[in-house]
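Morning, everyone. I'll walk through one structure today, piece by piece. Please have a look at it first.

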Amino acid sequence: MDTNAGKPVAEKAAPQPTAKPTAKTVVKPPMPSAPKAPDEGLDKVAVKLVEAMARAAAKQEKREAGTSTKKPAAPTARSSTHSKTDDHGTAHWSYEGDTGPANWAKLKPEFNVCAIGQRQSPIAIDDSATLQGPAEPIGFNYRPSEGTVVNNGHTIQVDVAPGNSIAVRSGNFDLLQFHFHHPSEEQVNGQRFPMVAHLVHKSAEGQLAVVAVLLTTGEANTAIDTVWKYLPVDTGDRVKLPPGVLNLPDLLPKDQRYYQFMGSLTTPPCTEGVLWMVLKTPVTLSPAQIRLFGQLFPNNARPVQEVNGRPVREAL
Ligand SMILES: [Zn+2]
């Protein structure tokens with residue numbers, strides 16, 4: 001998941017002012033050799049993606065040129081430079097290589113907890129080690145909603161208009177956004193799923209609660225169909241959904257029993273103190289729906305982290 005917890009305000013949980021830093025973190029194309037890509041036998045999708053990245057980088061340069069006296073570098077130069085920190089101290093992070101998960105903590109002092117935290121997410125869940133028993137159901141108060149689909153370079157995220165919440169542990173948590181990982185970050189009884197959706201909520205006190213919906217291959221999902229239909233393929237782009245097309249209850253399985261544990265953001269700054277609820281029953285996506293996301297994000301999953309004796313509760 002992608003938000004902030006310890007301090008109540010979430011970097012990516014908050015739908016608002018993250019647009020600029022988010023755009024900046026994604027300027028770097030996933031492939032170091034962006035300008036040469038078309039000659040290197042990459043498939044069409046990759047080529048399109050590289051071109052989109054280059055356009056985004058060019059846009060970003062323009063924006064910077066408008067607000068700073070610093071001479072803008074050509075997008076290609078910037079791409080190959082791979083500077084790990086931009087002018088505003090926003091560190092670039094990714095899912096591979098020298099900016100990948102094993103190195104997140106080195107990119108910025110604030111990312112330190114990614115390496116030294118003792119309650120990090122995701123984790124591998126195993127029924128043989130869970131605390132099994134009754135648990136309160138999660139009260140989902142989801143409804144057809146408005147939202148904006150964002151491609152932030154790390155995932156596709158839907159910032160959801162206010163009006164949706166969950167009730168659990170005697171508290172209400174408002175839904176801020178949901179986003180996807182491919183493959184699933186969570187591992188359950190040794191199995192990873194093709195994808196996962198993380199629904200990020202926050203209480204009035206600033207406590208974060210994330211519901212993970214595992215996604216597996218099967219029938220197409222209508223809510224995902226809506227999101228994919230308005231998918232912004234260009235990094236940094238945002239597409240507002242027409243009113244009434246997003247039906248959030250369609251994202252949930254009928255059986256809503258879950259695993260519960262305390263964890264962290266799964267993206268930098270890896271802040272801890274997040275209440276996690278992983279629904280045990282997956283929801284299906286069609287092979288085409290999974291393939292489309294996988295073309296944009298072949299791997300945007302953090303590897304599983306040490307459990308360190310954390311209790312994982314399993315609602316029966
Ligand atoms: Zn996530």
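Which residue in strand 10 is the bridge partner of Q187? It is R192. Before I go on, some ground rules. This is a predicted model: local features need pLDDT of at least 70, side-chain atom pairs count only at pLDDT 80 or more, and totals for chains, interfaces and linings use all residues. Numbering starts from 1 along each chain as its sequence is written.

Now the overall count. The protein chain has 7 helices and 18 strands. Helices (H or I, at least four residues) and strands (E, at least two) are DSSP runs, numbered from the N terminus. Buried residues make up 43% of the 316 residues in the protein chain. Buried means 20 or more other C-beta atoms within 10 Å of the residue's own; exposed means 12 or fewer; partly exposed is in between; C-beta atoms are placed from the backbone.

Pairing takes at least two DSSP bridges between two strands. Strand 9 (residues 187-188) and strand 10 run antiparallel, joined by 2 bridges.

Next, strand 15, residues 258-264. Is it mostly covered or mostly open? Mostly covered: 6 of its 7 residues are buried. Strand 15 runs antiparallel to strand 16 (residues 272-279), with 7 bridges between them. There, M262 stands opposite L275. Strand 15 also pairs with strand 18 (residues 313-315), again antiparallel, over 2 bridges. In that pairing, Q260 faces R313.

On to the helices. Helix 6 covers residues 222-229, and A223, I224 and V227 are buried there. Why do they line one face? Seen down the helix axis, the buried residues of helix 6 fall within an arc of 95°, so they share one face. That arc is taken over the directions from the helix axis to the C-beta atoms. The face turned away carries the exposed residues T222 and K229. What covers the buried side includes strand 5 (147-151), strand 6 (156-160) and helix 7 (287-296).

Helix 7 has its own buried set: Q289, I290, F293 and L296. Their arc is 125°, so they too line one face of the helix. Exposed P287, A288 and R291 sit on the face turned away from the buried side.

Now the core. The largest nonpolar core has 60 residues. A nonpolar core is a set of buried Ala, Val, Leu, Ile, Met, Phe, Trp, Tyr and Cys residues joined through C-beta atoms within 7 Å. Strand 12 (residues 208-217) gives the largest share, 8 residues. Among those with the most contacts inside the core are V196, V210 and A212. Leaving aside neighbours within four places in sequence, A212 is in contact with E186, V196, H198, W276, V278 and L279. Contact means C-beta atoms, placed from the backbone, within 7 Å.

Last stop, P242. It lies in the loop between strand 13 (238-240) and strand 14. Why is P242 exposed? Because P242 has 11 C-beta neighbours inside 10 Å. P242 and T226 are 16 residues apart in sequence, and 9.9 Å apart in space, C-alpha to C-alpha.

Definitions and conventions:
Two residues are in contact if their C-beta atoms, placed from the backbone, lie within 7 Å.
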